[in-house]
Amino acid sequence: MSPDFIPSQPEDVHLCSKYQEPQEFVFLDGSTLSTEDLVSLGKGLYKIKLTPAAENKVKKSRDLLENIVNENRVVYGITTGFGKFARTVIPNNKLMELQANLIRSHSAGVGKPLSPRRSRMLLALRINVLAKGYSGISFETLQQMIDAFNASCLSYIPEKGTVGASGDLAPLSHLALGLMGEGKMWSPRSGWADAKYVLEAHGLKPIVLKPKEGLALINGTQMITSLGCEAVERAVAIARQADIIASLTLEVLKGTTRAFDGDIHDLRPHPGQVEVAFRFRSLLDSDHHPSEIAESHRFCDRVQDAYTLRCCPQVHGIVNDTIAFVKNIMQTEINSATDNPMVFAERGETISGGNFHGEYPAKALDYLAIGVHELAAISERRIERLCNPSLSELPAFLVCEGGLNSGFMIAHCTAAALVSENKALCHPSSIDSLSTSAATEDHVSMGGWAARKALRVVEHVEQVLAIELLAACQGIEFLRPLKTTTPLEKVYELVRSVVRPWIKDRFMAPDIEVVHRLLLDQKVWEVAEPYIDKYRREHIPYSRPSSPTSCSLESSFNGRQDHHNGDY
């Protein structure tokens with residue numbers, strides 16, 4: 001690497017100035033890591049230790065590998081070249097050089113480096129997979145990786161370069177390269193510097209690869225899966241907060257709660273749909289949480305609401321079910337052995353297979369992007385209803401002295417732009433495949449791009465919903481002194497603790513950013529969750545106040561004219 005090489009700056013490196021060395025440990029065994037734990041490891045909340053059982057399995061696997069080398073047996077990746085060179089036998093005195101060359105040649109990624117948080121997740125996940133004991137890595141090398149993780153010595157890992165088939169070869173090679181003391185590394189103590197100096201500053205030695213260890217470090221789907229786990233966990237967080245934000249918008253637009261009647265959703269009992277309807281009831285039930293806004297229009301002449309309000313359980317519901325499906329695949333993947341060849345110590349043999357292929361997480365993350373995008377698509381339409389005076393009965397763009405002030409006009413444009421960008425990002429990357437490595441890897445998953453764009457889609461969804469939350473709280477200002485339900489008032493107060501009401505035009509981007517941070521930190525969920533849980537625990541019967549959005553036989557017999565649906 002040329003001495004004047006300066007890596008691109010990762011996007012959230014400034015956040016790492018607040019890094020504090022953790023004191024607690026997560027024990028890894030290759031089988032029980034959760035997606036939540038992996039994200040916490042990425043945040044630097046824990047250090048890593050192996051379980052005693054994992055240590056034992058790793059050592060037995062390595063013993064078998066040493067026997068293979070000592071007996072001069074020909075085994076792919078151990079005593080042969082790689083890919084097209086699988087039939088080239090390498091002499092014993094060059095086996096260590098073979099592994100080092102593998103890492104150096106495969107460190108061919110481009111683009112911005114992963115942030116420290118994502119590099120930490122990638123390293124932790126690779127350690128977890130190696131802890132299963134089917135890769136043949138030595139316990140000494142694995143412990144060096146754990147020591148580097150615990151010291152937060154993180155390799156320079158470009159985000160682009162994997163086709164997600166024979167493992168995430170390029171990014172995992174960059175991960176290994178830094179551990180070898182080559183290339184660049186980052187730590188909270190040193191910032192970016194030559195890897196050997198970063199390791200030395202933390203009292204660590206570079207890894208010297210033994211036979212098969214280079215291959216053991218780079219065969220697997222950990223780049224796809226670690227980014228995918230972050231996308232899934234952020235999707236879980238924004239999906240449940242989307243229900244709260246939509247409930248607040250419904251209150252501002254004076255919508256009805258009758259569309260969330262449990263009997264309706266019991267007739268179409270998809271788990272996500274039923275749960276979303278329940279959340280709406282728990283937040284909006286005006287008999288349980290009196291809402292002056294709801295009472296003010298209970299007997300209005302409006303028959304039913306637009307789909308963006310009325311169909312939230314059906315739209316948000318499938319998003320929740322999609323996330324649950326993808327999370328299940330990610331949970332399996334992070335605890336799977338994805339190396340090749342597999343080292344079966346109990347059978348005394350190695351077997352070549354294809355567990356490194358990334359089609360599972362690639363397809364799942366394409367599906368996640370398509371599913372979670374709909375939260376932004378429907379949110380943007382609700383923002384339009386809030387800003388459009390002909391639909392909201394509120395001042396245009398939610399501001400006084402319209403014309404002099406533009407209010408939320410361009411905030412809505414930003415939401416529309418993000419939704420449009422998501423439409424392109426939702427095109428599945430996993431439907432593509434290009435043959436690589438002289439046709440030995442003739443079908444690939446393109447899962448790296450699936451993971452990166454899924455993360456971008458989730459981020460756009462968060463930003464659109466941040467704009468909706470700001471707009472809904474601004475709409476509340478025009479309904480004062482009336483109050484909404486207790487949980488939604490708490491959400492309003494949370495927003496107002498960081499963003500003041502919009503009296504006249506001001507610099508809006510910081511408001512969007514600070515509310516986006518509330519959603520990232522799940523503060524909106526934390527405020528509303530106790531009310532949702534209390535409603536669930538107490539089995540409160542859903543109140544069905546009389547309303548023009550429904551009719552009963554009794555009312556018909558009394559001569560009242562029924563209101564008819566105007567949709568299909």
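Predicted model: local features only at pLDDT ≥ 70, side-chain atom pairs only at ≥ 80, totals over all residues.

Let me begin with helix packing. Two packed helices are described by the angle between their axes and the distance between the axes. On the side of helix 9, the contact involves Ala 239, Arg 240, Asp 243, Ile 244, Ala 246, Ser 247, Leu 250 and Glu 251. Helix 11 contributes Val 276, Arg 279, Phe 280, Leu 283 and Leu 284. Sorted by class, this contact comprises eight nonpolar, one polar and four charged residues.

The second pair is helix 15, residues 359-387, with helix 17, residues 409-425. Here the axes come within 9 Å and cross at roughly 155°, so helix 15 is roughly antiparallel to helix 17. This crossing is left-handed. From helix 15, the residues in contact include His 373, Glu 380, Arg 381 and Cys 387; among their partners in helix 17 are His 412, Val 419, Asn 422 and Lys 423. The contact has seven nonpolar, three polar and four charged residues.

I turn now to the cysteines. How many disulfides does the structure hold? The number is zero.

Lastly, the backbone. Most residues other than glycine have a negative phi, and most peptide bonds are trans. Where do we find cis peptide bonds? One runs from Asn 340 to Pro 341, with omega near -5°, and Pro 341 sits in the loop between helix 14 and strand 8. Another runs from Arg 480 to Pro 481, with omega near 15°; Pro 481 belongs to the loop between helix 18 and helix 19.

Lys 212, in the loop between helix 7 and helix 8, has a phi of about 75°. Ala 438, in the loop between helix 17 and helix 18, has a phi of about 55°. Are these residues buried or exposed? Lys 212 counts as buried because its relative accessibility is 0%, under the 20% limit. Ala 438 counts as exposed because its relative accessibility is 52%, over the 50% limit.

How values were computed: Residues numbered from 1 in each chain as written. Heavy atoms only, no water. Contact = heavy atoms within 4.5 Å. Helix = DSSP H or I, 4+ residues; strand = E, 2+ residues; numbered from the N terminus. Nonpolar A, V, L, I, M, F, W, Y, C, P; charged D, E, K, R; others polar. Disulfide = S-S within 2.5 Å. Axes fitted to C-alpha atoms, helices over the stretch in contact; angles between N-to-C directions. Parallel < 35°, antiparallel > 145°, perpendicular 65-115°, else oblique. Left-handed = near helix turned anticlockwise from the far one by under 90°. Buried < 20%, exposed > 50% of the residue type's maximum accessible area, 1.4 Å probe, protein only.
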